[in-house]
Amino acid sequence: MSHIRVLVGTRKGAFILTSDAARRDWRVSGPFFGGWEIFHIAGSPANPDRLYASQTSSWFGQVIQRSDDGGASWNPVGNDFRYAGDPGTHLYYDGSSKPWAFKRVWHLEPSPTDPDTVYAGVEDAALFRSTDGGASWQELPALRAQQGAKWMPGAGGMCLHTLLLDPVNPARMYVAISAAGAFRSDDAGASWKPITRGLHSQYIPEPEAEIGHCVQRIAMHPTRPQTLFMQKHWDVMRSDDAGDSWVEVSGNLPSDFGFAMAVHAHEPDTLYVVPIQSDSEHYPPEGKLRVYRSQTGGRTWDALTDGLPQQHCYVNVLRDAMAVDTLDACGVYFGTTGGQVYVSPDAGDHWQAIVRDLPAGLSVSVQTLP
Amino acid sequence: MATVRVVLPYQLYTLAHSAAELELEIADTVTLAAVLDALETAWPMLTGAVRDRVTGRRRPLVRFYACQDDLSNLAPDIPLPDDLAAGREPLLVVGAIAGG
């Protein structure tokens with residue numbers, strides 16, 4: 001019988017939540033790596049017991065941890081992230097140029113076919129790959145060659161936080177960077193192009209510039225990888241040509257600012273966002289925690305509230321903190337900065353808290369296991 | 001050969017899967033560089049966690065104390081106090097009080 005493993009990264013450690021397919025009764029394990037920030041944990045689709053975790057600390061730097069038994073035990077692997085060649089400079093808030101400097105790994109994306117291959121999106125923004133289970137890391141430097149000198153950090157740092165691997169075309173991948181924008185490679189990372197046509201960001205000097213958009217998240221459905229959805233700093237966007245052009249689909253959302261986004265496992269036009277009040281007020285509008293679901297690929301949205309707090313709620317849901325499972329009745333999950341992890345076992349109609357009092361949530365990923 | 005005692009903070013001894021207090025054998029003059037070299041040789045997962053793996057500079061929020069003194073800014077090749085080199089006092093690796 002299928003079961004579910006939810007991998008939760010928080011400001012003070014990692015937690016693993018497990019349940020059978022009913023998704024009502026949960027076992028909570030952790031904290032793992034107590035006292036460290038866990039930016040992301042991800043399981044290999046090719047070997048679900050192979051997990052990778054990004055463990056980081058302002059005091060002690062970056063560690064990559066690996067588990068080969070589904071999270072029961074962990075061992076540190078490689079933490080040597082060196083930019084290829086002379087890393088050069090990027091723009092800084094004050095208009096000066098600053099040398100690229102590695103700070104932390106924001107996102108890990110294991111290969112769908114090889115458990116030993118995993119990608120890491122890092123701050124200062126760059127893409128690294130390991131082909132030996134995380135023991136060593138090599139940069140894919142062509143990405144930063146794509147006008148990297150013009151990239152500038154957002155308030156959260158200049159981070160590569162989203163990486164999508166096209167499940168149909170193995171040579172195609174997408175990245176999103178705050179606040180450089182979005183890029184696509186059609187040759188496995190050997191070259192890249194900005195994919196920002198149609199984006200409009202009123203907070204940058206040239207609102208329709210190729211570089212400089214603060215993209216919070218990109219999502220796709222695996223059966224329709226030409227179609228992308230984007231939660232931008234403001235605006236929810238859609239592309240039907242692999243990012244070559246974008247149109248706004250914010251529609252009737254109460255706010256189109258936000259971070260997290262996910263697509264239903266079986267319905268390519270059903271997507272989820274969590275509207276946030278504004279870029280200055282990182283909490284839900286009206287103090288009501290609402291997931292919004294569109295079943296029309298955007299533009300028309302319904303509020304999902306059953307089981308979520310509808311008063312005095314001022315948490316945030318960060319960009320890597322929403323995910324879905326692939327059971328027949330698609331489960332939707334998200335974690336909050338208040339330490340709650342919510343699940344809906346029926347595609348968003350009803351919600352329950354799996355846990356309520358974890359440290360502030362940074363990331364949630366989900367494995368559907370046989 | 002000197003036997004030096006090093007006390008690690010919680011985050012580092014759990015990372016190393018080790019005891020909080022370690023003993024390190026130092027063949028040459030006991031300096032910060034020699035102690036950290038020995039530490040990283042015995043526990044390679046700590047490489048980069050105490051000092052920058054490229055520049056060798058102490059990470060900004062890591063401090064070194066021993067024998068009632070703050071040794072954090074001591075040059076890495078300066079001999080450490082005799083009581084530390086003789087194993088009578090440990091080198092304390094401390095995470096600075098900062099943040100939440």
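Reader: Which residues of helix α2 of chain B are buried?
Author: This is a predicted model. In it, helix α2 of chain B covers residues 32–42, and its buried residues are L32(B), A34(B), V35(B), L36(B), A38(B) and L39(B).

Reader: And what covers the buried residues of α2(B)?
Author: The cover includes strands β1, β2, β3 (62–66) and β5 of chain B.

Reader: How many helices and strands does chain B have?
Author: Chain B has three helices and five strands. Starting at the N terminus, they come in the order β-α-β-α-β-β-α-β.

Reader: How do β1(B) and β2(B) run, and how many bridges join them?
Author: Strand β1 of chain B (residues 2–7) and strand β2 of chain B (residues 21–26) run antiparallel, with six bridges between them. To find one of these on screen, look at V7(B), whose bridge partner in β2(B) is E21(B).

Reader: What about β1(B) and β5(B), parallel or antiparallel?
Author: Parallel: β1(B) pairs with strand β5 (residues 91–95) of chain B over two bridges. In that pairing, V6(B) stands opposite L91(B) of β5(B).

Reader: How much of chain B counts as buried?
Author: 30% of the 100 residues of chain B do. As for contacts in chain B between residues at least 6 apart in sequence, 57% join residues at least 24 apart.

Reader: Switching to where the chains meet. How many residues of chain A are in contact with chain B?
Author: Eleven residues of chain A, and they are in contact with 14 residues of chain B. On the chain A side, five of the residues are nonpolar, five are polar and one is charged.

Reader: Which residues touch the most other members of the largest nonpolar core?
Author: That core has 135 residues, and the ones touching the most other members are I218(A), A260(A), A262(A), M322(A), Y333(A) and V35(B). V35(B) is also one of the buried residues of α2(B).

Reader: What does Y333(A) touch, leaving out residues up to four places away in sequence?
Author: Y333(A) touches V6(A), M322(A), A323(A), V341(A), Y342(A), V343(A), V364(A) and V366(A).

Reader: Now sheets in chain A. What is the strand order in the one with β30?
Author: The order is β3-β2-β1-β30, in an open sheet of four strands with antiparallel pairing. Its edge strands are β3 (27–32) and β30 (361–369), each of which pairs on one side only. Direction ignored, neighbouring strands in this sheet are turned by 15 degrees against each other on average.

Reader: How many residues of β30(A) are buried?
Author: Seven of the nine residues of β30(A) are, so this strand is largely enclosed by the rest of the structure. Eight bridges join β30(A) to strand β1 (residues 3–10) of chain A, and L369(A) in β30(A) is the bridge partner of H3(A).

Reader: And how many bridges are there between β2(A) and β3(A)?
Author: Four bridges join β3(A) to strand β2 (residues 13–20) of chain A. The partner of T18(A) in β3(A) is R27(A).

Reader: Last one: W106(A), buried or exposed, and why?
Author: W106(A) is buried because 27 other C-beta atoms lie within 10 Å, and the cut-off for buried is 20 or more. W106(A) lies in strand β10 (residues 104–110) of chain A. Leaving out residues up to four places away in sequence, W106(A) touches F39(A), H40(A), G121(A), V122(A), E123(A), C159(A), L160(A) and H161(A).

Terms used:
Residues are numbered from 1 along each chain as its sequence is written. Chains are lettered from A and ligands numbered from 1 in the order in which they are written. This is a predicted model: local features need pLDDT of at least 70, side-chain atom pairs count only at pLDDT 80 or more; totals for chains, interfaces and linings use all residues. Two residues are in contact if their C-beta atoms, placed from the backbone, lie within 7 Å. Ala, Val, Leu, Ile, Met, Phe, Trp, Tyr, Cys and Pro count as nonpolar, Asp, Glu, Lys and Arg as charged, and the others, Gly among them, as polar. A nonpolar core is a set of buried Ala, Val, Leu, Ile, Met, Phe, Trp, Tyr and Cys residues joined through C-beta atoms within 7 Å. A residue is buried if 20 or more other C-beta atoms lie within 10 Å of its own, exposed if 12 or fewer, and partly exposed in between; C-beta atoms are placed from the backbone. Two strands pair if DSSP finds at least two bridges between them. Axes are lines fitted to C-alpha atoms, for helices over the stretch in contact, and angles run from 0 to 180 degrees between N-to-C directions.
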